[in-house]
Amino acid sequence: MKYSVIIPVYNRPDEADELLESLTRQTVKDFEVIVVEDGSTRPCKDVVDKYADRLDVKYMTKKNGGPGPARNYGVEHSKGEYVLILDSDCVLPEGYLAAVDKELLDSPCDAFGGPDAAHDSFTPVQKAISYSMTSFFTTGGIRGGKKKGAMDKFYPRSFNMGVKRDVYLKLRGFSKMRFGEDIDFSYRIVEAGYTTRLFPEAWVWHKRRTDMDKFFKQVFNSGIARINLEKRHPGTLKLVHALPMIFTVGLAVLILAAVFFRQMDYWNDTLTALWLPNGGCIPAYILCLLPILLFIVMIFTDSSIRNKSLVIGFYSVTAAFVQLIGYGTGFLKAWWLRCVQGKDEFTAFEKNFYD
């Protein structure tokens, strides 16, 4: 058997149903599916049973331990040459496995991953979140679907990740990290000398979080994870990883400066401003807010054009601020606790990833 599809699930029966349905439509049929129920209170066994006559599917249960150990448990019981790791909130186009097959035939590698996209059926909020997680203006391009340059390494992510089963087992799979465990595994794959590649045509529809509150929690923990990853793999922290933190601090400084200048003008009954050659002026508090306004216009315009929807453009502005501030504040919290106070990898990773 060539592929084993590993799907960890925690209280997501509806999502598991959609993913399994999409697997029945694959044009390549040489695969098994292993669903690992990670201590759910709303199990998906009835959902899995529906597909017993259409898929080679196994349903397994274990005590809740997080996504990494659940994936490892599934791989231990798999038979495929390659294990394909998918998040339960993904849906596959019918040519997904065919695209993976073609890439491996053209240029074999030890580990790989593909990009994600928003499906037409996604809500405007889901499409806005998908935009914020893939746009160059919010991620610096590190999460996009373009091939890296010759000097860059590609690090697969667990929503759409493939690894040779023997490589997976040699490296003991995912760690017990609750957040950033996929990047940790990818770093270990590269550090061990194995090859990784982006398969740009092997993309998935990825729902991510369904509201802004859940999205904030997700990216906040991603910010925490980045510092923990640097502690585990020194030298992996790049400037682009710190940009959300810089954005968050800069945003706070600009807003505080705008309030300060506005209040000073009120108290002194004057106007602090940039005076123009023609006699006009731009108030100082407006100058402080101008970069923020320009960012809002840029996100709104780009997302509205890409998604052909002003509504999604509007939600994308909110999603962009949630993503950058959430990640930035998580990054700052982890920096303070780990780098300043010198604490060990802390309790944020003990929280349940799927809540």
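Helix 12 has 31 residues and spans 43 Å from its first C-alpha to its last, which is close to the 45 Å expected at 1.5 Å a residue. The model is a predicted one, and the points below are grouped by topic.

**Ends of helix 12**

- At the start of helix 12, a side-chain oxygen of S309 comes to within 3.3 Å of the backbone nitrogen of V311.
- Just after helix 12, G342 adopts a positive phi of about 70 degrees.

**Strand 4 and its partners**

- Strand 4 is mostly covered, since five of its five residues are buried; Y82, L84 and L86 point one way from the strand, V83 and I85 point the other way, and all are buried.
- Strand 1 (residues 3-9) runs parallel to strand 4 and is joined to it by four bridges, with I6 standing opposite I85 of strand 4.
- Strand 8 (residues 160-164) pairs with strand 4 in the antiparallel sense over five bridges, and here the bridge partner of I85 is M161 in strand 8.

**Aromatic contacts**

- A search of the whole structure finds 16 aromatic pairs.
- In the pair formed by F112 and F199, the ring centres lie 4.5 Å apart and the planes are at 5 degrees, so the pair is stacked, the cut-off for stacking being under 30 degrees.
- F112 belongs to strand 6 (residues 111-113), while F199 is in the loop between strand 9 (196-198) and strand 10 (204-206), so this pair ties together parts that are 87 residues apart in sequence; both F112 and F199 are buried.
- For F295 and F321, the ring centres are 5.5 Å apart and the planes are at 90 degrees, so the pair is edge-to-face, for which the angle must be over 60 degrees.
- F295 lies in helix 11 (residues 284-307) and F321 in helix 12 (residues 310-340), so the pair ties together parts that are 26 residues apart in sequence; both F295 and F321 are buried.
- Y3, Y82, F112 and F199 form one aromatic cluster, and Y82 is also one of the buried residues of strand 4.

**Charged side chains**

- R71 lies over the face of F174, at 4.7 Å from the ring centre.
- D89 is found in the loop between strand 4 (82-86) and strand 5 (90-91), and its relative accessible area is 5%, which is under the 20% cut-off, so D89 counts as buried.
- The side chain of D89 makes a polar contact with the side chain of H206, at 3.1 Å.

How values were computed
Residues numbered from 1 in each chain as written. Predicted model: local features only at pLDDT ≥ 70, side-chain atom pairs only at ≥ 80, totals over all residues. Heavy atoms only, no water. Phe/Tyr/Trp six-rings, centres within 6.5 Å; stacked < 30°, edge-to-face > 60°. Helix = DSSP H or I, 4+ residues; strand = E, 2+ residues; numbered from the N terminus. Buried < 20%, exposed > 50% of the residue type's maximum accessible area, 1.4 Å probe, protein only. Lys NZ or Arg CZ within 6 Å of the ring centre and 35° of its normal. Polar contact = N/O pair within 3.5 Å; in protein donor to acceptor, adjacent residues only side chain to side chain. Expected span 1.5 Å × (residues − 1). Pairing = 2+ DSSP bridges.
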